[in-house]
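Have a go at each task before you read its solution.

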Amino acid sequence: MQQPGRAAEIKAIGIGKSFGSFRALDNLTLDIGRGEFLTLLGPSGSGKTTFLMILAGFVQPTDGRLFSDGVDITERPAEQRAAGMVFQGYALFPHMSVEANIAFPLKVRKKSAAEIKRRVGEMIERVGLKGHEKKLPSQLSGGQQQRVALARALVFEPGVLLLDEPFSALDKGLRGQMQAEMKRLHHETGTTFVFVTHDQSEALALSSRVAIFNHGKLLQVGAPDEVYDRPANRFVAEFLGEINMLPLKNVRNADNGATGLCEDRTITLRGNARAVGSNAILAIRPEYMSIAPEAAAGENGIAATAVASTYLGAATRLDLTTRQGAKVTVSVPNEVAASALGKGNSVWLTWPAEKGFLLPDGGQ
Amino acid sequence: MKAYLSDRMGAALLMAPLLLFLAAAYAWPFFGVVNWSFTLPEPGLGQYGTLLSDPLVQSVFIRTLRIAAIVTIVSVAAAYAITVVWVRGTPAQRVVAEFCILVPFWISVLTRAFGWVALLSNRGLFNTWLQAIGFISEPLTLVRNEFGVIVGMTHFLIPFAVFPLASSMRSLDDRVLLAARGLGSSRMRTFWSVFVPMTRSGIIGSALIVFVFSLGFFVTPAILGGGRSVMVAELIYLRIFQSPDWGLGAAISVVLVLFVGALMALLFRYVRPKQLI
């Protein structure tokens, strides 16, 4: 989006897009930092891909302005923005060899033959496609096509690389390999990466920040641990992984946190959990809960009965019901699960005070 | 397996009337023509010898190939432009393009040939207009020559060139075009270095169809050529009806059919029959 070799800094202000009466994207304001790896995460139809297409210049926003390094590029056509882009399904030129595909962006920029040869050669080496230069895309495996698409999008040193669900067609093993590869390329090139996915584990594993979308709205942006441990709302909490939710009463702020009543026990929250009303939802990730025969005084804990277990290999997933009928899931070591189920009676679920957080009651 | 067999039996039964008709109306008479080419006026390869040595026959073959080649290039180029609008235009543009493609099918080839005579003759519309605006003083010879034949044939064949092109343009992945633009390629460059090469099979199929059709054209060259620009089909007609030499007419027919057959074989290596309609 600017001179080659420098990562771009992008600012979106109040971006909106309507298709007829359908609001695909609403009032999105977001800063994308120089050289950061930002993931746009959300279910299909959430607006994440629309935003990527607006960044690429393939879709014109109906409202808002878009800046790249301080320059307004809202109306600039795609070919003049020249953000590197990797499409779902790769969109390689089927009639061109691997080499010609990668050389294409340099050719349209009228680089000298010698420079094209050198840079294409370097890129082929970098993505590990040596020996495949003369092949057509149809003669390559999915993973190799993916590498060609990445090489073609990076060879002209764009300020930003846009990736639209690039791994959705790959099997699981290859996916992990390509993810590692992409992290390495991000590190090596230092370019700003904007990556679209609906896979939350991919988003958490790859990015420096994650932006979560739903129904055309940007719900939260933050580092992976931040959005996972302190989701802004119930949708984000549930979308990023399994979560246990329990009703909490008499919520009030306390020193460095909050307290409340859950099934007649006093619960303490530490960290930046703040009360938003007297009723709230207490949310805890399953992996932070453990099972104990007793909860010590002052420790967070509620009584529950195990109803089912699922053996997962490394751990066992236990489904429990609290005295007041709330359903809770925890992930525990296999031998703990066996003893909890074996007794068939009440156990205690405990968790550290800093691992619980509050969500608005009944809200989204 | 049984259902599959009976399906095939059913298909064969449904096609049988057509196959019988083709055998009776085309295959059987054609064998008769092949027979004549070897037996009239006396048995032997004499007529094929004449075909190779007679300068008139050769000039007609060369003219036919030349006209067919020019008509092919012009028709495919024009059809390409129409097809781009038909397949990728706005809804309104599509309707107009579709109308332009389909209307010619409803007007008989004779009517169209005479229509072109009316437009292109010395006192036709074009010459009258061009003289009226003072662009020319003497009428141009636009008809009863090769030019007239090429105009008439091109007009007739453009719609046939459209379908294979449309089929290849419809199957093209739009994201590849977006990718080209995203990589910095202008619309013009994307068209020439991505869109056109990706429709290559359509271009080949379209060109072969037009070329094959052109080789056997009779009515259009007969009317717009005015006897001065004789093509192969008209030569066969002349040898059968006007200067009776049935053996030579038959030999020319056999050569034409073999040539067209070879081109059709080539055509079906590039295009599936489904893509032609």
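This is a predicted model: local features need pLDDT of at least 70, side-chain atom pairs count only at pLDDT 80 or more; totals for chains, interfaces and linings use all residues.

**Exercise 1. Find how many salt bridges the whole structure has, then look at where Arg34(A) and its partner sit.**

Step 1: Arg34(A) pairs with Glu9(A), and their closest N and O atoms are 3.3 Å apart. Arg34(A) is in the loop between strand 2 (22-32) and strand 3 of chain A, while Glu9(A) is in the segment before strand 1 (10-19), 25 residues apart. Strands here are DSSP runs of E with at least two residues, and helices are runs of H or I with at least four, numbered from the N terminus.

Step 2: Check the surface. Arg34(A) has 43% relative accessibility, so it counts as partly exposed; buried is under 20% relative accessible area, exposed is over 50%, and partly exposed is in between (1.4 Å probe, protein chains only). Glu9(A), at 38%, is partly exposed too.

A word on the ground rules: residues are numbered from 1 along each chain as its sequence is written, and chains are lettered from A and ligands numbered from 1 in the order in which they are written. Local features need pLDDT of at least 70, side-chain atom pairs count only at pLDDT 80 or more, totals for chains, interfaces and linings use all residues, and side-chain values use heavy atoms, without hydrogens and water.

**Exercise 2. Work out whether Glu181(A) is buried or exposed, and which network it joins.**

Step 1: Glu181(A) meets Arg184(A) in a salt bridge (3.6 Å, N to O). Both lie in helix 6 (residues 172-189) of chain A, three residues apart, or about one helix turn.

Step 2: Follow the shared partners: Arg126(A), Arg147(A), Glu181(A), Arg184(A) and Glu188(A) end up in one network.

**Exercise 3. Explain why strand 3 of chain A is largely enclosed.**

Step 1: Count the buried residues of strand 3 (residues 37-41): it's five of five, so the rest of the structure largely encloses this strand.

Step 2: Look at its faces. Phe37(A), Thr39(A) and Leu41(A) are buried on one side, with Leu38(A) and Leu40(A) buried on the other.

Step 3: Find the neighbours. Strand 3 pairs in the parallel sense with strand 8 (residues 192-197) over five bridges; pairing takes at least two DSSP bridges. Four bridges join strand 3 to strand 9 (residues 209-214), also parallel.

Definitions and conventions
A salt bridge is a side-chain nitrogen of Lys or Arg within 4 Å of a carboxyl oxygen of Asp or Glu.
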